[in-house]
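I opened the model to look up a few residues and the way the chain is laid out. My notes follow in the order I made them.

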Amino acid sequence: MPAPGENLRINGDRLWDSLMEMAKIGPGVAGGNNRQTLTDEDAEGRALFQKWCEDAGCEMGLDSMGNMFAMRPGTDPDALPVYVGSHLDTQPTGGKYDGVLGVLGGLEIVRTLNDLGIKTKHPIVVTNWTNEEGTRFAPAMLSSGVFAGIHTEDWAKSRVDAAGKTFGDELKRIGWQGEEPVGARKMHAFFELHIEQGPILEAEGKDIGVVTHGQGLSWTQVTVTGKDAHTGSTPMPLRRNAGLGMARILEKVDEIAWSHAPHAVGAAGHIDVFPNSRNVIPGKVVFTVDFRSPDLSVIEDMEKRLREEGQKIADDMGLQVEFEKVGGFDPVEFDKDCVQAIRDAAERLGYSHQNIISGAGHDACWINQVAPTAMVMCPCVDGLSHNEAEEISREWATAGADVLFHAVVETAGIVE
């Protein structure tokens, strides 16, 4: 396929304005966003995205997991589409760019092609995947996982949030359950633009991260059960403190991750303590341990040691402990041709770049199993993400979207 000329660029100001407009929906308390999946705010963000896509001449498709597909037609009716996108849902204290940049960067490709009157052989489809974050309904990347055949739709729709509401019921409630079967679409390729969510690109002074691999991930939910008791009148030898048991297990989690330095990481981000009262010794705690590594054998070792050493800690303290794997995926190697298209685009446009391994999970990690896939990343300030202070520059967003534009359009094929 002929490559786009180096003078072809997206409209960076328009992309930035769209990011700021979407950020008005589901504002956080500290400058970011709280637009969690299948909330009223999610529904409002989806409606705005659909309006923008339809204004750009796209036809919107919607599957039964709520995944949105905005198609710009190609000239060849038999050519499989090139897909591009990410997610619009956020963390409870999320930033304005995580996921959203990839969706609106895809929309900007369509708008720019329209501006320039360029036709492509393959259709281009801009995608919003439902519930990438996994913060309300675990696991993360839930709907792209159903699309790729990793999860069954019935299982996904039975996922429950902290209030006891199911994914399926909430999807219906907000009015974004489509009739199209999940996974019925076939892809020529899939590209995803994302902020790095780490400090490497900014520290190295690079404009673009060419993502070659994705870290594997393992989520294990740990439940430690002791006995609720008064904090003042219960003698120390008679306590069965589930909170203390959790603390000792989390020290072990840190030790396990450090033993596989420098590429392995581990921590617990989701913790519930019961009854969570100032003067009651915790009788039960539930927390999720997040282990990641680009090496599957390392992930398996960390999981094994968590269970063995966590069990020993509980036994020594007279506590009960249960382990349940609630999410995860193996390390990912992205398609070499798609990766090369991103690298070539960065070089053609004169952007500095380097290869990078994604430390976070993304929808592209699942779609990679059913279609040729690659990711492009731009820096974020101090590597900070999943935080309302998450920030990128207009120039970084523009560079990432320019590279995305070139990789997608070259893959879709310009019609001369």
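**Entry 1: Arg46.** I began with Arg46, which is buried because its relative accessible area is 1%; buried means under 20% relative accessible area, exposed over 50%, and partly exposed in between (1.4 Å probe, protein chains only). The model is a predicted one, so I noted that local features need pLDDT of at least 70, that side-chain atom pairs count only at pLDDT 80 or more, and that totals for chains, interfaces and linings use all residues. Residues are numbered from 1 along each chain as its sequence is written, and side-chain values use heavy atoms, with hydrogens and water left out.

I found Arg46 in helix 2 (residues 40-55). Helices (H or I, at least four residues) and strands (E, at least two) are DSSP runs, numbered from the N terminus. The side chain of Arg46 has a polar contact of 2.8 Å with that of Thr130. A polar contact is a pair of N or O atoms within 3.5 Å; within protein, one must be able to donate a hydrogen and the other to accept it, and residues adjacent in sequence count only if both atoms are side-chain atoms. Not counting residues up to four places away in sequence, I listed the residues that Arg46 touches, among them Leu38, Met68, Asn128 and Trp176. Contact here means heavy atoms within 4.5 Å.

**Entry 2: the annotated site.** Which residues does UniProt list for "binding site"? The unreviewed entry gives Asp98, Glu133 and His386. They are spread over 289 residues of sequence but cluster in space, with a largest C-alpha distance of 9.6 Å. UniProt positions are given in the numbering used here, feature names are shortened, and annotations may be inferred rather than shown by experiment.

I took Glu133 next. Glu133 sits in the loop between strand 4 (124-128) and helix 4 (142-147). Glu133 counts as buried because its relative accessibility is 7%.

Is His386 buried or partly exposed? At 39% relative accessibility, His386 counts as partly exposed. His386 lies in the loop between strand 15 (373-378) and helix 12 (394-412). Its side chain makes a polar contact of 3.2 Å with the side chain of Asp98. Apart from residues up to four places away in sequence, His386 touches Gln91, Thr93, Asp98, Glu133 and Gln197.

**Entry 3: Gly95.** I looked up Gly95 in the loop between strand 3 and helix 3 (100-116). Gly95 counts as buried, at 3% relative accessibility. Not counting residues up to four places away in sequence, Gly95 touches Asn33, Thr90, Asn387 and Glu390.

**Entry 4: strand 3.** I then checked strand 3 (residues 82-86), where five of five residues are buried. Val82, Val84 and Ser86 are on one side, Tyr83 and Gly85 on the other, and both faces are covered. In a regular strand the side chains alternate between the two faces of the sheet. Strand 3 pairs with strand 4 in the parallel sense over five bridges; two strands pair if DSSP finds at least two bridges between them. Tyr83 has Val125 of strand 4 as its bridge partner.

**Entry 5: domains.** The domain assignment gives domain 1 (12-214 + 331-415) and domain 2 (216-329); such bounds come from an automatic or database domain assignment. Their centres, taken over C-alpha atoms, are separated by 33 Å. The contact takes 13 residues from domain 1 and 12 residues from domain 2. Over residues 215-309 the chain is 33% helix and 36% strand.

Entry 6: I traced an open sheet of four strands in the order 9-11-7-12, with antiparallel pairing. Strand 9 (265-274) and strand 12 (320-329) are the edge strands, each pairing on one side only. Strand 9 pairs with strand 11 (residues 284-293) over nine bridges. Phe274 has Lys284 in strand 11 as its bridge partner. Helix 8 (residues 242-258) packs on the sheet, touching strand 7 (216-225), strand 9 and strand 11, and its direction makes about 5° with that of strand 11. Helix 9 (residues 296-317) lies across strand 7, strand 9, strand 11 and strand 12, at about 165° to strand 12. Axes are lines fitted to C-alpha atoms, for helices over the stretch in contact, and angles run from 0 to 180 degrees between N-to-C directions.
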